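Biologist: I'm new to this one, so could we go through it together?
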Amino acid sequence: MNTLIKMVASVSILAFAPTQVLAQEDTLTEAPSPNGSVKLSGDVMAVKVIADDTGAERTELVKPDLIVPGDRLVFGTDYANEGAEAVTDFVVTNPLPSAVRLASDADAGLTVSVDDGASWGMLSSLSITEDDGSVRSATHADVTHVRWTIASIAPGASGRLEYPAIIR
Amino acid sequence: MNTHTIIRHLAIGSAVALCAIASPAFADGVDAGTLIENTATATFDAGDGPQTIESNTVVVRVDELLDVTVTSLDAGAIGATPGEAVLTFEVTNTGNGPEAFTLTPNTAVAGNDFEVLVESIAVDTNGNGVYDPGVDEILTAPQALEPLAADEAVTVFVIVTVPDSVTDGQQTNVELIAEAATGTGAPGDTFAGQGVDGGDAIVGTTGASATATGAIQVGLTSVDLTKSASIVDPFGGESAVPGSIVTFTIVAEVSGSGSVSDLVVADIIPDGTTYVTGSLALDGNPLTDAAGDDAGEASDADGIAVDLGSVSAPATQSISFNVTID
């Protein structure tokens, strides 16, 4: 942990130079892996329906140049074990940005939380207690976090984790 | 890949808190300019105990959706007579960012029986839903609303003049067109860099333009009075001789499609005759001669008067009274 790089100044990027945060720029530069063994790299793509000359529609992953409420995004995280040792108990936790909701066609087996990470499970097993005390089943819009657990990553192995989201 | 990198390395543990963005209005889509930031965190064991690492943060900004609706707030056609008439509309910014809208009235709608003249467009400044001259702000040309926040609605009045040449029952429609000041077009058309915070603006499903129609129906009302007399002489005949009783009947006919207010029917007692006390009647029902206790009053000196008040057309009312020939 003593090699952890702390660049707290990054907060001020938003505050003082907002033009640097353009929607057109997906940010793929990797975070240096603190221990040199595992690397996490996040990215985001927009899902656009594109009609070809014949009028047939297909979906395509495009850079999120232009996104508005209702649009679909795919958040991805690439991981790679670049060390010489196997990595175990690998758990990736991803809080959902508050401006999006989990898409309803997300993997039903995905482990999610609807209470800011306090409890976890498949969405179908979770419930929400309303202010008036009534309890209802949790929906995709209630999801606050998603989580993936990988028991072991062999040296040199890598993979990708994704979740689809809709802009609220 | 076109990378303009934002790397945000922060002390682990504060990551969750930093992901929380200012809570935008979710009522009708997140606000334009909202930053969507996503960061994943991984914990694992590489043989020497649990470790935590964090991914880079990806940031996308929500662009501005240009959408607008206009609705007529009038319940059907408003009744009008030659002169001023006021049509009421509501303009709503259904986009997700602050946007100004230009307003254009159109009086030349196909099928109109006549055309009105637009005097002005006013904003319901005091929010009471009724046009208050001198209070509600009159928009000056080009008529543009101050920017409305996302989901904000404003009531707008179109003040028109109905020409003198109209006839009863004629109708006309007035359209109010609201267009996003940034621009209009087909859904999906974009205006690069013209959205909130330098983001793009994109035309939404409404085409960033909306039209509503208000209707005016001319309600002209006329009042016709028809007076007739019948005579009964003391001998059972119909001669006008001293002592004969003359019954005057005044039929007030209110025609057209509007209404009249403060309708008072009055008549004098002819020279050489004397009012028969207690003979005044409205639609066959007796009225007293005294003033103030009912709609009628009558006296030999001042004649008769019946206050019919407000009468909606069509209506017919009959007033009768008797005199004796001196």
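Biologist: Which residues form one aromatic cluster with A:W148?
Modeller: A:F75 and A:Y163 form one aromatic cluster with A:W148, where rings of Phe, Tyr and Trp (its six-membered ring) pair if their centres lie within 6.5 Å, and planes under 30 degrees apart count as stacked, over 60 as edge-to-face and the rest as tilted. This is a predicted model, in which local features need pLDDT of at least 70 and side-chain atom pairs count only at pLDDT 80 or more, while totals for chains, interfaces and linings use all residues. Residues are numbered from 1 along each chain as its sequence is written, chains are lettered from A and ligands numbered from 1 in the order in which they are written, and side-chain values use heavy atoms, leaving out hydrogens and water.
Biologist: How many aromatic pairs are there over all chains?
Modeller: The count over all chains comes to 6. One of them is the tilted pair of A:Y79 and A:F90, with 5.3 Å from centre to centre and 45 degrees between the planes.
Biologist: Are A:Y79 and A:F90 buried or exposed?
Modeller: Both A:Y79 and A:F90 are buried, meaning under 20% relative accessible area, with exposed over 50% and partly exposed in between (1.4 Å probe, protein chains only).
Biologist: Switching to chain B, why is the pair of B:F248 and B:F321 tilted?
Modeller: Their ring centres are 5.5 Å apart and their planes stand at 40 degrees, so the pair counts as tilted. B:F248 and B:F321 are both buried.
Biologist: And what does the side chain of B:E99 reach?
Modeller: The side chain of B:E99 reaches the backbone nitrogen of B:A181 at 3.0 Å.

Conventions. Polar contact = N/O pair within 3.5 Å; in protein donor to acceptor, adjacent residues only side chain to side chain.
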